[in-house]
Amino acid sequence: MIPMSWYLLFAAALFSIGLYGVMARRNTVAILMSVELLLNAVNINLVTFWRYLTPDRSVGMAWAVFVLAVAAAEAAVGLALIISVYRNRDSVVAEELDVLRN
Amino acid sequence: MSEELLTTLTWLIPVGPLLAFFVITLFTNRSRTLSWMLAWAGVFSSLILGWTVALNVFAEDVHHLEEHPTVIADSIAWLPFGSNADNWLRMGVAVDPLTAVMLIMVTFAITMIFIYSVGYHNWGQPLGKVLGVPNHMQEEPLLSRFFAFMSLFAGAMLLLVVADNLLMLFVGWEIMGFCSYSLIGFWYARDYDIGEDDIPHISPRKAGIKAFMTTRVADVIMLLGIVFFYRVFGTFNFAEALSAHSLEHAVAGVGATALGIMSLLLFTGTVGKSAQWPLHVWLPDAMEGPTPVSATIHAAAMVSAGVYMSIRIFPLLAVGAGPESGVPVGWIIAGIGAFTALMAATIAVAQNDVKGVLAYSTISQLGFMIAAIGTGAYVAAVFHLITHGFFKALLFLASGSVIHGMEHGAHHVHDHHTDPQDMRYMGGLRKKMPITFWTFLIGGMALSGLPFITAGFWSKDEIFASAWYAYNHEGNAIGLMVLVALALAAFLTAFYTMRQISMTFFGKARTPLAEHAQESSNFMTFPLIGLAFFAVIAGWAGIPEDFPILGPLLDNNYAHHIIGATVHSTLHHLSEMGLVGHSYAIAAFDFVWLPLIASLTVALGGLFFGWLMYGRKPLVQGQADPLIKALGPLHTFLNRKWYWDELYDTVLIQPTIFVSETVVYEWIDKGFIDGIIHLVARAFYGFGRYVRAFEMAVFGDGVDWVKDQFLAMAASMRQLQTGRMQEYVLVSTLIASALAFVVLAINYGWFDQIFQ
């Protein structure tokens with residue numbers, strides 16, 4: 001069986017990549033993709049802890065399924081938002097979308 | 001050479017190109033020159049290593065090889081798997097005679113393609129300005145990207161060839177799928193303005209998606225087969241799983257019928273990757289990529305990988321098709337192969353795109369190999385795979401050279417509307433492009449099987465002979481069906497090849513483009529000569545020993561002995577146990593005249609008819625194809641490719657679009673869900689109006705004072721709102737990290753230590 005730390009390190013790496021993407025990418029589509037990475041990193045943690053610590057209660061897995069559903073909804077809504085933003089403002093660069101400034 | 005050294009060399013075969021991919025993408029992508037040089041270094045290392053390993057395998061004694069076919073085998077623990085602590089998936093390399101002949105062909109063809117690509121993308125010319133479209137006569141601005149993906153492609157193919165287990169093979173398989181997608185769509189910004197009379201094209205990006213999606217359908221089914229494989233054999237390793245002992249054990253465990261189903265599941269992967277009917281539709285459109293990509297996909301890598309996989313698991317297929325299993329695996333495989341061979345050959349007859357003819361001829365030739373596998377003639381299949389790899393790579397590169405010459409002409413006369421790939425606008429290129437002409441002629445003759453000289457003749461003859469043997473000696477009716485279908489297909493092959501050569505090279509130039517065509521650079525002509533050499537001599541390795549005159553001269557049917565050694569002993573054991581039909585376990589068979597006469601007749605007959613129709617009096621400007629009159633409405637049917645694309649569009653694509661656009665979007669989403677939401681909104685809106693009236697009446701201006709205070713506060717607070725969401729993310733991440741730190745600190749009692 002693969003040691004638990006392998007999974008946790010992998011999830012941490014994935015989370016860091018995602019966080020970097022969210023903060024550093026300018027394209028909102030790329031930011032959205034990075035958010036997916038974050039969610040999936042968390043999912044891996046959930047499933048790992050479930051499998052290794054409480055394998056008899058499928059709490060972690062159930063939660064991961066919820067996260068998946070939310071992630072799918074988020075992707076759908078997010079992409080729809082980006083498309084309509086693009087249609088209105090001709091840009092998907094995060095810095096340029098500052099209507100809420102001040 | 002010592003075995004350890006050979007093992008190390010084998011590990012290193014795919015490393016060069018893979019390394020080149022990473023180095024180009026990460027570091028050198030700004031320098032186009034450095035990038036292609038790195039890519040060359042990668043494939044040259046593979047060429048040298050691959051040939052060294054392969055020649056060392058060939059040096060082994062054949063009888064020894066039959067007993068122990070795997071000469072080099074080494075593996076390391078890769079992934080822990082399952083709940084058992086010492087159960088690891090292993091990854092490793094194995095070289096047996098089959099791998100060795102593949103290494104010879106693949107590394108050489110890929111190296112030639114890499115050399116050619118530098119000239120094809122006009123390295124050294126002024127830099128092209130527009131990204132994502134072909135820049136005629138100018139250097140490709142995305143040259144680094146091209147060579148990065150090509151290197152990854154080559155590395156994945158070599159990984160697949162040397163892999164000792166099904167899972168690693170599948171990894172290489174999928175990487176190639178991705179690379180073909182990105183390379184077919186390499187000119188992502190290209191769009192066509194198709195006129196009434198032009199050849200229909202779809203844009204490269206659509207072609208890339210089509211190739212990826214079509215092969216994906218097959219790969220999903222193949223993945224089921226892989227899981228099934230592991231479930232039954234408990235290992236992915238070919239040598240372990242497909243030994244006679246293990247297969248006998250599996251038959252006792254799950255039954256031969258299950259193995260038949262498993263082999264069909266895995267074979268579906270081949271159908272997708274090697275573009276067999278019904279999943280052949282992606283391959284002709286894959287011509288949208290740059291020509292070196294077409295050559296890689298259609299000769300050296302992609303499509304060969306599919307056939308290679310089927311031959312790799314041949315003992316499994318043989319058991320699945322054996323007398324114990326109720327599944328007609330042999331009929332299905334041979335039927336798909338023979339039908340595809342014949343259908344694609346008929347389509348190729350009526351194509352006008354110089355690459356389109358070759359695309360359908362590839363599908364057809366792959367059908368030959370699949371049909372050969374179906375009759376149990378895996379040696380003939382491998383032999384044809386190898387010779388086909390050489391001459392089809394040659395033909396594609398030569399056709400790319402023709403297109404290049406035509407584009408040169410187009411540039412010269414400033415004509416950017418005439419399609420430089422349309423054979424109707426060519427003619428008379430023999431004098432303008434002599435090297436391209438001669439090499440194309442050699443490749444074309446090999447494809448049509450010009451007797452005794454070219455490689456294609458010997459490998460096709462081998463398939464015919466095996467099919468005839470299967471029918472005549474073993475009473476296997478599949479053999480007869482395959483022989484008849486393939487003979488017809490071979491006749492058409494010779495015919496359309498002659499048609500293509502005549503239309504392209506003979507007669508007088510039919511447009512100013514062809515008038516001003518020019519021979520391509522040395523980067524492009526050198527690989528043509530190199531491949532032409534092998535397109536001739538590769539066949540001599542497989543001349544039957546008792547062939548009149550030529551047989552005793554060479555004294556050995558190397559192809560048969562060496563390739564046959566791969567699984568012969570296994571099949572022999574299985575055959576003795578009654579698990580495999582006799583026709584699947586033939587070591588060698590005597591020379592007979594009938595298949596030879598058949599292959600002579602079809603090759604020479606096809607060439608003769610082609611010459612009669614197109615070569616004797618080449619087309620002149622404005623003259624219609626004589627075939628249109630001869631075939632009538634059938635010509636349209638063939639020209640439109642049997643309407644497979646239209647059929648799939650009506651049966652599969654349009655219903656899907658209808659369901660998603662009309663049913664799901666219009667009815668369910670906009671009608672039902674949005675309807676409920678609008679209803680709720682309207683109800684609350686109405687309610688809110690009454691509440692507002694009530695509020696206005698009860699509370700007066702007193703509330704406004706509170707509001708003003710809040711507004712003033714908000715005015716000072718809004719400075720914090722920069723409106724940049726990434727700054728918010730940064731701040732919240734910092735706060736979250738600080739909170740996490742505090743929680744950890746409390747948890748571990750750090751505060752207690754500080755504050756005592």
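These are my notebook entries on chain B of a predicted model and on its contact with chain A.

**Ground rules.** I kept in mind that this is a predicted model, where local features need pLDDT of at least 70, side-chain atom pairs count only at pLDDT 80 or more, and totals for chains, interfaces and linings use all residues. Residues are numbered from 1 along each chain as its sequence is written, while chains are lettered from A and ligands numbered from 1 in the order in which they are written.

**Overall look at chain B.** I began with the secondary structure and found 34 helices and two strands; helices are DSSP runs of H or I with at least four residues, strands are runs of E with at least two, and both are numbered from the N terminus. The C-alpha trace spans about 115 × 70 × 50 Å along its principal axes. Of the 756 residues, 51% are buried (20 or more other C-beta atoms within 10 Å of the residue's own; exposed means 12 or fewer, partly exposed is in between, and C-beta atoms are placed from the backbone). I then looked at contacts (C-beta atoms, placed from the backbone, within 7 Å). Among those between residues at least 6 apart in sequence, 79% join residues at least 24 apart.

**The core.** Of its 235 residues, B:Ala109, B:Met157, B:Ala393, B:Leu486 and B:Ala535 touch the most other members. Helix α18 (residues 378-413) gives the largest share, 20 residues. Domain 1 (1-191 + 201-310 + 557-587) and domain 2 (328-542 + 592-639) each supply at least three residues; these bounds come from an automatic or database domain assignment.

**Helix α24.** I checked the length of α24 (residues 522-537): its 16 residues reach 23 Å from first C-alpha to last, close to the 22 Å expected at 1.5 Å a residue (1.5 Å times one less than the number of residues). Its buried residues include B:Leu528, B:Leu531, B:Phe534 and B:Ala535, and the buried residues pack against α5 (97-120), α18, α20 (434-448) and α21 (455-472).

**B:Ala295.** This residue sits in helix α13 (residues 291-300) and is buried because 31 other C-beta atoms lie within 10 Å. Beyond four places in sequence, B:Ala295 is in contact with B:Ile113, B:Ala300, B:Ala393, B:Phe396 and B:Leu397.

Most residues other than glycine have a negative phi, and most peptide bonds are trans. I found a cis bond from B:Trp277 to B:Pro278, with omega near 5°. B:Pro278 is in the loop between α11 (256-273) and α12 (282-285), and B:Ala275 is placed in the loop between α11 and α12 too. B:Ala275 has a positive phi of about 55° and counts as buried because it has 31 C-beta neighbours inside 10 Å. B:Tyr643 has a positive phi as well, near 60°, in the loop between α30 (633-639) and α31 (644-698). B:Tyr643 is exposed, with 12 other C-beta atoms within 10 Å.

**Contact with chain A.** Last, I looked at the contact, which takes 12 residues from chain A and 14 residues from chain B.

Note on methods. Contact = placed C-beta atoms within 7 Å. Core = buried A, V, L, I, M, F, W, Y, C linked by C-beta atoms within 7 Å.
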